[in-house]
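Work through the exercises below with the sequence and the 3D view open. Each solution goes step by step.

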Amino acid sequence: MGMAQAMEQTQQTSIQKRLEKYIKILNGMDDPMDRYTWLMEFGKKSVTIPEQHRLKEFEVPGCQSQTWLVPHFTYDDRIYFTADSAALISKGMVCMLADVFSNSTRSDIASFEEKSLEGLNLNNLLTPGRRNGVYSMLKVIQGYGSRKD
């Protein structure tokens with residue numbers, strides 16, 4: 001395995017690793033209400049994005065409440081995300097995803113498999129509408145990962 005491949009593998013696992021951290025936290029709670037509360041608290045504690053980033057172009061389509069996901073591209077081909085939402089539960093989710101995918105390369109983001117999110121057990125946690133919102137958030141993130149500019 002070449003150096004580039006080895007680097008790519010470590011990177012791939014870092015999205016995976018950050019996701020695993022949240023999977024452990026959420027699945028470590030038996031009561032769905034506790035998970036719900038944790039997500040809302042996480043949203044509450046997360047930074048609010050500045051007003052100038054609350055633009056139509058950063059809005060996530062398909063979310064029940066206004067939700068923004070802002071990409072920040074670095075010179076070394078990594079992307080950081082900041083996020084916010086008008087509703088706490090959505091904010092918790094979008095900020096969690098922003099954290100999972102931040103500091104990743106475009107190719108790692110583009111190659112992330114949607115089914116990896118299944119570990120979060122969103123079916124037990126969120127209504128179908130909110131769940132669709134989460135997959136919309138993921139699509140937006142992956143869209144930035146596969147941009148060729």
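Helices (H or I, at least four residues) and strands (E, at least two) are DSSP runs, numbered from the N terminus. This is a predicted model: local features need pLDDT of at least 70, side-chain atom pairs count only at pLDDT 80 or more, and totals for chains, interfaces and linings use all residues. Residues are numbered from 1 along each chain as its sequence is written, and side-chain values use heavy atoms, with hydrogens and water left out.

**Exercise 1. Find the cap of α2 and check the helix length.**

Step 1. Go to the N-terminal end of α2: Asp31 caps it. A side-chain oxygen of Asp31 lies 2.8 Å from the backbone nitrogen of Met33.

Step 2. Take the expected span as 1.5 Å times one less than the number of residues. For the 14 residues of α2 that should be 20 Å. The end C-alpha atoms are 20 Å apart, so the two agree.

**Exercise 2. Sort residues of α2 into buried and exposed.**

Step 1. Apply the cut-offs: buried is under 20% relative accessible area, exposed over 50%, partly exposed in between (1.4 Å probe, protein chains only).

Step 2. Arg35, Trp38, Leu39, Phe42 and Gly43 are buried. They cover an arc of only 135° around the axis, which puts them on the same side of α2. The arc is taken from the directions from the helix axis to the C-beta atoms.

Step 3. Met33, Lys44 and Lys45 are exposed on the other side.

Notes:
A polar contact is a pair of N or O atoms within 3.5 Å; within protein, one must be able to donate a hydrogen and the other to accept it, and residues adjacent in sequence count only if both atoms are side-chain atoms.
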